[in-house]
Each structure stands twice: as structure tokens, then as C-alpha cells.
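Here's a quick look at one strand and a handful of charged pairs. Have the model open and follow along.

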Amino acid sequence: MKPYPAVEEHGLIGDLQTAALISADGTVDWFCAPRFDSPSVFGALLDARKGGHFQLAPDGVDYTSKQLYLPGTPILITRFHGADGVGELLDFMPVTGAQATDRHRLIRLVRMVRGSMRFRVDCQPRFNYARDPYELEAHPEGDVFRSSTMSLTLTPFRDTKRLIDAQDIRRDAEGLSSRFTLQANDIGGVVLETACPNAPRAISTEQACALLAETRDFWRRWLDRSHYTGRWREMVERSAMTLKLMTYAPTGALVAAPTAGLPEQVGGQRNWDYRYTWIRDASFSVHALLRLGFTDEAAKYLCWLDARIRDARDGDLPLQIMYRVDGSSDLPEEVLGHLEGYRGSAPVRIGNGAAGQLQLDIYGEALNSLELADRHGLIAPYEGWRKTAGLMDWLCDHWDQPEDGIWETRSGRQDYTYGRMMSWVALDRAIRLAQRRARPGDTTRWTTERNAIYEQIMARGFHPKRQAFVQHYQTDILDASLLAMSELGLIAPTDPMWESTLRAVDADLVSDSLVYRYDPRASPDGLAGTEGTFSMCTFWYVQALAQSGRIDDARLTFEKMLTYSNPLGLYSEEIAPTGEQIGNFPQAFSHLSLISTATHLDELLDERRP
């Protein structure tokens, strides 16, 4: 087992309430329960020695492994190739449904394709980020790991028990391990279950295979609802399933990523907890979901957003930029000093101190998604609209002030151009909604403020010497977030100011088609170190190229970007200069922007056909 497999050497499985990351050597090294934002049970991703893991892999033989998904599903297949045989490990989590529960099952089914192979199971949970001790209880049909806050049950398939000799089961302070041998066509496996109220009870191989078929059919039925039949169908569908896996079914909230603490620079300090729902990210997902025809998922998130808008406070910060998946707002940031971090990347943080930042752009992303949803027949209820109109009145009073910006820098507030642009979007979309549905609202004032924002951006956001729109009014630094200006309608794609901005981005932020958010060395953000290129920004760059008429450049850049996914089609937040993936993984931003870019580029390429 590698101490720290590369970030991209993992697959994601989940049950729509939580998820697990499994490496190519068959190790579960990240799993939180009972929710995405719960403490970790297995956290070897953040500390290989202390974090805890759950491995099922060949024992005592040299082997190579490869991973793939069962087509049309997030059922992960890890294939082990040895001199004496080939084995397959199928990892999956039966879907839990829309009712929140503490009970979750992770099923690990191993079968021999040919030959024979000896396997080992090594289960070493470390509850509450490796802070809580536990007791191990042996039962006739399995074992229970019990801490003060939760329990974890491990049972082998009933048919597999004959393959496990009692003398091969070891229970000690580290956990539990055992070994068994499979011959060609044999099937065995284990079930891991959280919060099981009863004594361990083994399931048969037939029951495990039935759960596998049930999980497979659920995902294929869901995927059949997609309308997308374009050029990049496989990548788009994989991205759609990944977004679905990162959605908390009881509320419809999308987490930015199922992981915490994975660094934006190995050995650096930019290690954040992304297991929460950002207004921005989830609002962007509405565009991706509606483009594919997943109206129910978009509607569920909009209900979650409507609840946050209804709960909005009066005062200086009516909306937080992020919440927990249940809508609660308590996200205190804490450093886990006892964990060394991924490849020594400390500090390891849980919670997120950026939750209290003022980021004006979230109102634009929220209103843009509400307006798009309205055009698809998802109409906001009266009370939701009333509170939305109140937010627009608040924005009229507060848009013209320094803020913290989209990238959550910790260097102080500035007059960020992107924040102003999205404030313009918020008021513009609110006006459209009010007029389309004859809804009450102070549209006269909204129009006045919208126009004032527009004039300010054109006068102060465009730097005459750089001939480009810049990050904020007090700098000449570029920022990739402004690649969205044309797509959002603030400026025409043929406007000379936009064309020169795009040329400046080409020169300053693009490296062999990959795009940096900004240059932290030139624009200090309050944190030490650097970072990789930001995958979402690369997809935004593709759309900007396409809208500006550079369709061939756009397609080539998009195709290059597809080569940076892992073999399973998953993307983290960033790409390092070495080409490896860094940052939290997988990242919703990356996958939702891939979907939007693919569908948009398809349309433009189809229009160009004779």
C-alpha cells in the first residue's frame, strides 16, 4: 500500500448522503459518516499512519492494478493482475434514498476471473478524525468497532466464511485483518455498515449480487434521463454522475467536494475543507443539470436555495457564501494538528473560516440560476420571491463597497471587478423575473443601480495600460473569473475591450491551454506558496474562445483538458505544473463547468456544419 497514492489514483463511490475514495490498490482511505461533512472514519488520505484505512487487496504476490467504472454507474471495479490469476474488486454503496439516516453500507465484492489469488482484508478505522478511541467486539458473524459516538460493523459474506480460517483473523489495537484465497469463479467479500442497531449478520453472496444489480439499475435508470447525445457523451455523463454522487439527497445540496485538506500545493498551506454547499457552486450546477435535462435535481437544489433566501438575515450579511448540507450555518474552522496532512501538507483544516466573508458575487450566481430555472418552468413561490426582492434592495445599498472576492483570499477586501459584475447580473436577472412574471419589486431602483454598476465597471474595471479588465480597481493584475463577462452578457464577444482582455489572458494566465486563476506572486492573497492551474477556469476559457469566434482553438483546448482527467474521468480542483491533479477531489466546479462547456461547444460546432 502506497503511503500517499496520487490524488488522481482514486475512484469515488457513494450513496447520495456520503461518499468514499478508494485507491487503485483497493484501499478506502477517505470515508466520512453519516454525511459528507461528518468526521472521518477512514482518513489515510490526510495521515497515512494515523488516519485509518480499509484495504482489500492481493496478499503476498506482485500485482498491477487498473480501475474502471461499470458502464453507466459509479460502481468501481479494481482489477488485480498477478502471475497466477486475475481478480476483480467491485466497490459500491447501495443508494440510501431521500431520508437522512446514520446507516450506510459499503460493499466490497471480490471475484476471481481466472487462476487463484490470496487476498487480505485490513480494516483500521479511526473515528472522529483519529481522535476517538474505540473497542473491537467479536461476534459469531462479524465484528463491531464501537467508539463513543458511532459504531462500524464488518461482516464477511456468509459463503466466504468457509474460506477464512479463524487462525488467520487477527484482532488487535490497530484493528482487524484476515486472509482468504479465491479460485477461478469464486466470489467473496465483506460489508461495512455504520450505525447498525443489531448484532452483525452476514449476507450471502446472492444477496450481495442482488444489491449490486439494484445499485446498477438505479444509476442506469437515472442516467437514461439525460438529453445529451453530443460529441463528448462519455465524459459528460461521468461528470453528471459525479455531481449526483456529491449531492445530499435529503436536501438537494451539492458539496463542493467530498474531501477536506487536500493541498493546492503539496507541502503548502492552501488546504481547505470543501465538504459544504457554496451558493456559487450549487447555483452553477443548475445550468449544467438543466442543460442535460435533470430538472428534478435542479428543482431540489432550488428548494434548498429558496430556504436559505427565506432565512436570510437583515443587516450586513444576509446570505452566507456556504452552508452545511442541511442548511445550517455553523462552520467554525479548526486545525487538526495531530494529522500530518497529505504528503506532509499541513495544516489540516476542517470547517471553513471563509463562511463569514462578504462575497457579493453569490447574489449574481443565485439570481442567474433562478432566472434560468424560471425559463424552464421552475417558478419561485411567492414567499421566496418576496425575500429575493428584499435581497435585491439590500444589494442596491451594499454593492459599492470592498469585498473578499470569489477566490476567498485572506488578504483584505478590495473592489473586485467580478463581484461588481455579478452584482450587475443579480439586478439584471431580478428585473427580468419581475417583468416576466409581473412580480412586485422596485424595478426602477434596480435598473438605476444596475446601470450604475455597468458604468463603474467600464470606467474603473478596465485598465488602460493593460488594455484589459483587471482583478480589482486598485491593480493591473488579471483574473480568470472575468472570462465569464461575455457569457453573462455584460459585454459583446466582439467588443474591442473584450478582445484585448482575452489576448491579455492568453499572455498572462494561460500555460499550454491550462489557465491560472491569477498570479498570487503578483497579487498577494494572504497565504504562502503558489498553486496549480484551476480546472474550472480552463473550461471557462474554452467558452470564451468559442464565443469570440475562435472555435478551433476552443475545441483543441477542450480536448487537451480532457487528457488531464484521471482514468475514471474525474477531476480535482487544480492541475499541478507536473500534470498531476491537486486540491480537493473530485471537484464539483470542474465537473459542472465541463458539462456546460461541452454542451455549449457542441451547439457552436453544430451551427458551423454546412
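## A covered strand and some salt bridges

Both faces of β1 are covered, with H10, L12 and G14 buried on one side and G11 and I13 buried on the other. Keep in mind that this is a predicted model. With 5 of its 5 residues buried, β1 (residues 10-14) is largely enclosed by the rest of the structure.

What does β1 pair with? It runs antiparallel to β2 (residues 19-23), and 5 bridges join the two strands. H10, for instance, has S23 as its bridge partner in β2. The hairpin leaves 4 residues between the strands, and L16 there takes a positive phi near 80 degrees.

Now for the charges. The count comes to 51 salt bridges, including these:

| Salt bridge | Closest N to O |
|---|---|
| K244 and E297 | 3.0 Å |
| R450 and D428 | 3.1 Å |

K244 sits in helix α3 (residues 233-245) and E297 in helix α5 (residues 295-310), so their contact ties together parts 53 residues apart in sequence. K244 is buried at 14% relative accessible area, and E297 is buried too, at 15%.

Likewise, R450 in helix α9 (residues 443-461) and D428 in helix α8 (residues 417-437) tie together parts 22 residues apart in sequence. R450 is buried at 18%, and D428 is buried at 7%.

Finally, R35, D37, R324, D326 and D330 are linked in a salt-bridge network.

Note on methods: Residues numbered from 1 in each chain as written. Predicted model: local features only at pLDDT ≥ 70, side-chain atom pairs only at ≥ 80, totals over all residues. Heavy atoms only, no water. Buried < 20%, exposed > 50% of the residue type's maximum accessible area, 1.4 Å probe, protein only. Pairing = 2+ DSSP bridges. Salt bridge = Lys/Arg side-chain N within 4 Å of Asp/Glu carboxyl O.
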